[in-house]
Amino acid sequence: MGSTKRNNNFNTSNTTFHNNDIMKDGASRSDCSTQKDKLLFEEGEMPKGLREPFIRSGYRRAYSTPWQCFKSLVYLNNESFNVWSHLLTTCYFLVRFGMAALTQSNSLLDPFNLPLLASAFGTLMLYSTSSVAHLFNSMSERGYKICFFFDYAAVSLYTFTSSQAMFFYARPMNTQWVIFEWPSLYLLLAALFSFLVTYGCCKTDAAVNKFSTLLRALPALVAWVFSTLPFTVGATLCSCHATSMSCRAFSACSNESIGYYLRHVFCTILAGFMYSSRLPERLFPGRFDLIGNSHHFLHLCAALATEYAFKIVELNVSYLKNENLSEETTAYVSIINTIVVAILVMFINAGILLWFAKNLRVKESVYKNYTKYIKESNVLRRRSLGSSRNLQEIDCATSVTRPKGDFAADY
Ligand SMILES: [Zn+2]
């Protein structure tokens, strides 16, 4: 049994910490360095705001510095798969779009290539932002939320630039649908859906309830349905053999294109389902901490869905060129309604996320009270020991250890 000194419970103004770890009289330098070198933490050692549902272990140090986050790239933790999967996806699409640009005979800034350029911008922003968000999300509870606000804004931008590519390369001709004859209307609606995704996701993340994940997936689903509308309508209601006065779409007669579309739909729905259901970790908590959890499937499915969408665009671009339809296709294309508007949508989405970030109320009480607790416990310890002999231990504890036990239960 420890003495009262050893197992002292310490009360700060509104927080109670169990300091049996820090106040242990026999703490040695080796214990200290072990703590300092510790890279992975259990769920119980993490503040509530840095935990993931059903993930029990493999967490990085809470309140990591940017450098500690960066170093986590080289050891296995429960964010490794998320960071690396989208880092590699970013590199993959950088090469993919680069090769597509190289094979174009005309200038990259030729109107026909502008939707492709906007699509490259949205895709690379999505995967690079996701990777960075996962890499630096352990810096604080507030930072964790803000990282994912950026992630949501990048998803929103991606839905918009995908809509641009689908509209300009895959929309059906002669449908008599106003939405397909009037690019400004389609792009305005696509932009509004994009803002709705950022707003809905940030809103549900800032004010968490048990339906948050599902509510977050819904605006993204609506924006995705709208972004694929040109292809869906073309494939289902038109024919590629129609006369110039009736509905015509390449997708209606291209089995290859429809095959990619079905795979794109399957991957997107699976990604949404995995994200919302938190399966399989919901059934086996702790079993899929490092690999195989729902977020990992989400990342893989999203990357595959993007690849299939890219293939659809690629096929349509080839078709339009081969059929000498590029002029008709790009009659409405300008740098304003492609690159400029994509950048504008990015800034508006950034504005929405920054507004949520500014008004975010995250209880960082653990961190603040913990700092206060360390200071006060040092004073107590100095008094009780009455010597400077153990100050080194105190410094060690101050810099690296945190109260053991259930972190969340104490705030
Ligand atoms: Zn993610």
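This report describes the confidence, helices, helix packing and backbone features of a predicted model.

## Basis and confidence

Residues are numbered from 1 along each chain as its sequence is written. In this predicted model, local features need pLDDT of at least 70, side-chain atom pairs count only at pLDDT 80 or more, and totals for chains, interfaces and linings use all residues.

The average pLDDT of the chain is 80, and 77% of the residues score at least 70; pLDDT is the predictor's confidence in each residue, from 0 to 100. Residues 1-28 have a pLDDT below 50, and this stretch has 47 contacts in the model beyond near neighbours in sequence. Residues 384-411 also have a pLDDT below 50, with 44 contacts beyond near neighbours in sequence. Two residues are in contact if their C-beta atoms, placed from the backbone, lie within 7 Å. Where pLDDT is low, the predicted coordinates should not be read in detail.

## Overall make-up

The chain holds 15 helices and two strands. Helices (H or I, at least four residues) and strands (E, at least two) are DSSP runs, numbered from the N terminus. Of the 411 residues, 42% count as buried. A residue is buried if 20 or more other C-beta atoms lie within 10 Å of its own, exposed if 12 or fewer, and partly exposed in between, with C-beta atoms placed from the backbone. Among contacts between residues at least 6 apart in sequence, 73% join residues at least 24 apart.

Helix H5 covers residues 141-170; its 30 residues reach 43 Å from first C-alpha to last, close to the expected 44 Å. The expected span is 1.5 Å times one less than the number of residues. In H5, 27 of the 30 residues are buried.

Helix H4 (residues 114-136) has 23 residues and reaches 33 Å between its first and last C-alpha, close to the 33 Å expected. Because 20 of its 23 residues are buried, H4 is largely enclosed by the rest of the structure.

## Packing against H13

H5 packs with helix H13 (residues 336-358) at an angle of about 155°, and the axes are 9 Å apart. Axes are lines fitted to C-alpha atoms, for helices over the stretch in contact, and angles run from 0 to 180 degrees between N-to-C directions. H5 and H13 are therefore roughly antiparallel; angles under 35 degrees count as roughly parallel, over 145 as roughly antiparallel, 65 to 115 as roughly perpendicular and the rest as oblique. Residues making the contact include Phe149, Phe150 and Phe160 of H5 and Val345, Met346 and Leu353 of H13.

The axes of H4 and H13 come within 8 Å and cross at roughly 20°, so these two helices are roughly parallel. Leu114, Pro115, Leu117, Ala118, Phe121 and Gly122 of H4 meet Thr338, Ile339 and Ala342 of H13. Thr338 and Ala342 are also among the H13 residues in contact with H5.

## Backbone features in loops

Most residues other than glycine have a negative phi, and most peptide bonds are trans. Leu279 and Pro280 are joined by a cis peptide bond, with omega about 10°. Pro280 is in the loop between helix H10 (255-277) and helix H11 (294-322).

Phe54 has a positive phi, near 70°, and lies in the loop between helix H1 (29-37) and helix H2 (66-71). Phe54 counts as buried because 20 C-beta neighbours lie inside 10 Å. Gln176 has a phi near 70° and is found in the loop between H5 and helix H6 (178-181). Gln176 is exposed, with 9 other C-beta atoms within 10 Å.
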